[in-house]
Amino acid sequence: MTSLIDIPSLLSVASAIPASVAETAPAGAGGVAAPWIGLIPTLPILGVLLCALCAIFDIRTKLPAFLSVACLGVSFLLTLVVFLNYDSFNNGGAFVVHLFDWINLSWGSAEHPVSFAANFSFYIDRLTILWMLFVTGLATLIALYASEYMSGDVGRPYCRFFVGFNLFVFSMACLVMGDNLVLLYLGWEGVGLCSYLLIGYFFKKPEAVAAAKKAFIVNRIGDLGLALGIYLTFVHFGTLEYAQLFASDKLQGYLAAASEHRWSDIPMTVQGIALLFMVGAFGKSAQFPLYVWLPDAMEGPTPVSALIHAATMVTAGVFLIARTYPLFLSSEYALPIVAWVGTITALLGATIGMAQFDIKRIMAYSTVSQLGYMFAGLGMLTTTGAAFHVLTHAFFKALLFLCCGAVMHGFAGQLDLRKLSGVAWMKGWGIVAIGMLIGCLNLSGFAFTAGFFSKDMILAQAFVTPGYSILGWILIGTAGLTAYYTFRVFFRVFLGPQSFEPGDEHHADHSDEEHDDETDAHHIAAHGHSADHGGHFHPHAPGWAVNLVLALLAIGSIAAAGLYFVDKESHGWVGAMVHDSSAYYDASSHGAPALESAGAAVETEHASGLLFGQDPYEIMYYISGAVGLVGILLAAILHGPRGWQGLFLGGRTEAGKCRMDRVAKLFGPIPRWAENKWYVDEFYIAVFQTPLRVLSHLFHLFDKFVIDGVVDSVAKLPGALASALRPSQSGQLQGYAAGMAGGVVVLLIVVLVVLGGAS
C-alpha cells in the first residue's frame, strides 16, 4: 500500500483548474449583464425584514411563514434561471457579480504598494449554482413544512423563528456565493450565529440552551482555524478573491510541484493554509473530533434539524474544501488527513447510531456518518462523488428528518422507538410512512436509489486511488451498519402492531409569551390534543403542508437517482456541474486519477487497483448492494414484526421488545458503551472542561484575594489612617487641653535628652 504522504504525488494536478476559472476577470461580463443575480441572497434578507415587521405589529397568523416561503421560493426560481442560462453569461465561464464596494484598503510605499479588497460580490460558477439550487429549494420546502409544524407558536415566537430561518439562508448564500474568503467567512459566522438562535429556540428549556451553547462553542474552534487560514492566504498570495487566487502564478507553480512530488518547493505556509481550512471544515461539518455538537442540535425544532443537517450548515465544510481544492492539492498531508478523518467519522457515527433509541438522534448520527463519506470522497480525489452525495443526501435526509418530525408532532413529542409501533397502519399516516421508506432506502444505499449511486462513487474511488483500499473496506462495512440502523427505525416505528405512548413535550409550553385562549387553541390545533385537559390521547395526523412537502421530497429523492445517468461522459449531471469549477479534478475514466505523467512505476501500481480482479466502478454496484441488503435483512430479523402474510421476520409483537434485546446481551457492555456515545462527551468533560473549570476558579480566587486584595489594601490605607486620627479631632476642649499639655511634656523630654547628650 502506498504511503499516505505519497498519494498526492500521483496526481496530475497541473490541469486541475479549468481555463474558465483561471481566466476569469475580477468583474466579468456577468457583473454588468446580470446584476439581478444579487436578488438571490437579498430576498432572504427581505424575508427577515418582513417577519420582523410582523413581530412589531404582533401578527398572530401564519403570514410570516408564507412571506418566507414566497421570498425563498423566488430566490430558488432565480437560481434556476441562472442555471438554465449559464452558458449565456461570460461565454459559459465563471464570472463575478459586483453588488457594492465593501472593504478596499491600500497601504505601503509607491515602490511596494499593498492592497486588500473584499467587496460584496458574488462568484458564479457551476459549483455555486449546484449548491444554491438545493440550498434555496430545500429551504423553501422546509419553510412550508414549518408553517404547519410551528403553528402552535403563532405570534412573536413564530415571527422570531422565521427571522432566524431567513437569516440562516442569507448567511449560507453569502458563504456559497461570495467571491472572496472574507465574504465566505461572514456567511460562515452567520450560519454559526443562526444555528445558536434556532437550536436554542425553546430558550426556557435548559437542554435546548445547553445544546445551542455547545454548538456555538465547538464551532468556534473550527472558526479559528478558518480565520488563521484566511490570514495566511492573504499574507502569501496577496489576495482573497477567488478569481485572482486561482489564476495566480504562485498557485499554478505549487500545483505543478505537487504533481512532480517536489514538496520542498511548496512553502509550509501554503501547506498550512489547507490544514487550517481543514480544521474549519471539520468544525462546521461535524467531523471527528468536533462532531459532538451536531447530535445535541436535535433540541431545536425539527425544521431547524432538517435545515442544518440537510441543506445548509453541515455542507459548508464540504463546500469550503471543494471551493479551495487547488490549495488542498498543494498540501502534502491535507487530503490524506481529510480521507482518514472522514472514514473514522463515518464508522464512529454509525456505531453510535445503532444503539440510540431517539429516532431524531439516530438520524443526527447518520448525518455525522454520511458527512464522513463526503469528506472521504474529497480526500480520495472524487470531488464529483462527494458533491453528488451532498446533493442526494440533502434530499433524503431532509425527508427523513421531516418524517420523524411529523411523528414527533403528532404524538406529542414522542421520539422513543420503544414506545411507537405500527404508525404506517394508522389513519392519516400513509404519506409519512411512504416518505420514511423512500428515505430509508436511500440512506441504506439500496440498489438503484440516489443514495446507492452517490455512495458507490466514493466507495469505488477508494479502490482506484492507490493507498486507500483499507478505507474502502471500512466504508463498505459502515454502509452495512447504516442499512441496519436505518431500517431498525423503520421496522420498529412504522411496522408491527399498532401501539404508542404520547410524549410530554409541548411546543407551546416553551413559548416566551403568556398563553391566552387563542394561543391554547393554536396549540390544540397543532398537536391534536389539549395538554391541559384530561381524556384519551389521540395522535394528530399531519396536515396538507407537511404531507405536500414530504411528497415533493420523496419525489425529489427518487428523481435524484436519474442524475447519475445524465451526461455520463462527465460522470453524471453533478460531474458536469463540478467540471467547470475550482473543485474540478482532471481525472481519467470513472474518475480515477490521471496518472499518465507520473511515470511507469505509478502506472504499474495503478494496474493493481482492482477489486476482486474487476474494475471497482463496475463491481461496486454488486458489493454495496449486497451489503446494504444484508443490513436491511438483519434489521428485519432483529426488529421486524412477527410476520407478513406468512413471511417470517423478526417476531416482534409489541413496541418495547424485540429479538435484538437478547442478542445485545451477548456483546456484554459494548451496546451500553455505544448507547452512551462511547463516552466521548464524558472524556471531553474530564480532559478539557473540568480542568478549565478548575483553572478558571483558581484564577478567580487569585484575582479576588491577590489582585483585588492589593488594590483594596491601597484603597483602604487612607481610610485606616483617617480612622486612627479621628479620635484626636473629638471637638471637646478638655481633650484638646490635655493633648496640648501632653505635647509640651513630650517636647520638654526631647529637649532634656538632647541637651544631656550634648554635655
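Q: Which helices do the buried residues of H23 pack against?
A: First, some ground rules: this is a predicted model, where local features need pLDDT of at least 70, side-chain atom pairs count only at pLDDT 80 or more, and totals for chains, interfaces and linings use all residues. Residues are numbered from 1 along each chain as its sequence is written, and side-chain values use heavy atoms, leaving out hydrogens and water. Buried residues (under 20% relative accessible area, 1.4 Å probe, protein chains only) of H23 include Val 546, Leu 550 and Leu 553. Their packing partners, by contact (heavy atoms within 4.5 Å), are H5 (126–149), H18 (383–410), H19 (430–443) and H20 (450–464).

Q: How far apart are the end C-alpha atoms of H23?
A: Helices here are DSSP runs of H or I, at least four residues, numbered from the N terminus. H23 covers residues 544–559, so with 16 residues at 1.5 Å a residue it should span 22 Å; the expected span is 1.5 Å times one less than the number of residues. The model agrees, with the end C-alpha atoms 22 Å apart.

Q: How many nonpolar residues are in the contact of H18 with H19?
A: The two axes (lines fitted to C-alpha atoms over the stretch in contact, with angles from 0 to 180 degrees between N-to-C directions) come within 9 Å and cross at roughly 140°. The contact includes Phe 396 and Leu 400 of H18, plus Met 436 and Ile 438 of H19. By class (Ala, Val, Leu, Ile, Met, Phe, Trp, Tyr, Cys and Pro are nonpolar; Asp, Glu, Lys and Arg charged; the others, Gly among them, polar), there are 3 polar and 1 charged residues, and the nonpolar ones number 12.

Q: At what angle do H21 and H26 pack?
A: H21 spans residues 469–494 and H26 residues 616–639, with axes 7 Å apart. Among the residues in contact are Phe 487 of H21 and Ile 623 of H26. The packing angle is about 35°.

Q: How many residues does the largest nonpolar core have?
A: A nonpolar core is a set of buried Ala, Val, Leu, Ile, Met, Phe, Trp, Tyr and Cys residues joined through side-chain atoms within 4.5 Å. Those with the most contacts inside the largest one include Trp 293 and Met 436. Its residue count is 207.

Q: What is the relative accessible area of Ser 121?
A: Ser 121 sits in strand S2, residues 113–124. Among the residues it touches are His 98, Met 177 and Asp 179. Ser 121 is buried, and the value is 2%.

Conventions: Helices (H or I, at least four residues) and strands (E, at least two) are DSSP runs, numbered from the N terminus. Buried means under 20% relative accessible area, exposed over 50%, partly exposed in between (1.4 Å probe, protein chains only). Lists of a residue's contacts leave out its neighbours within four places in sequence.
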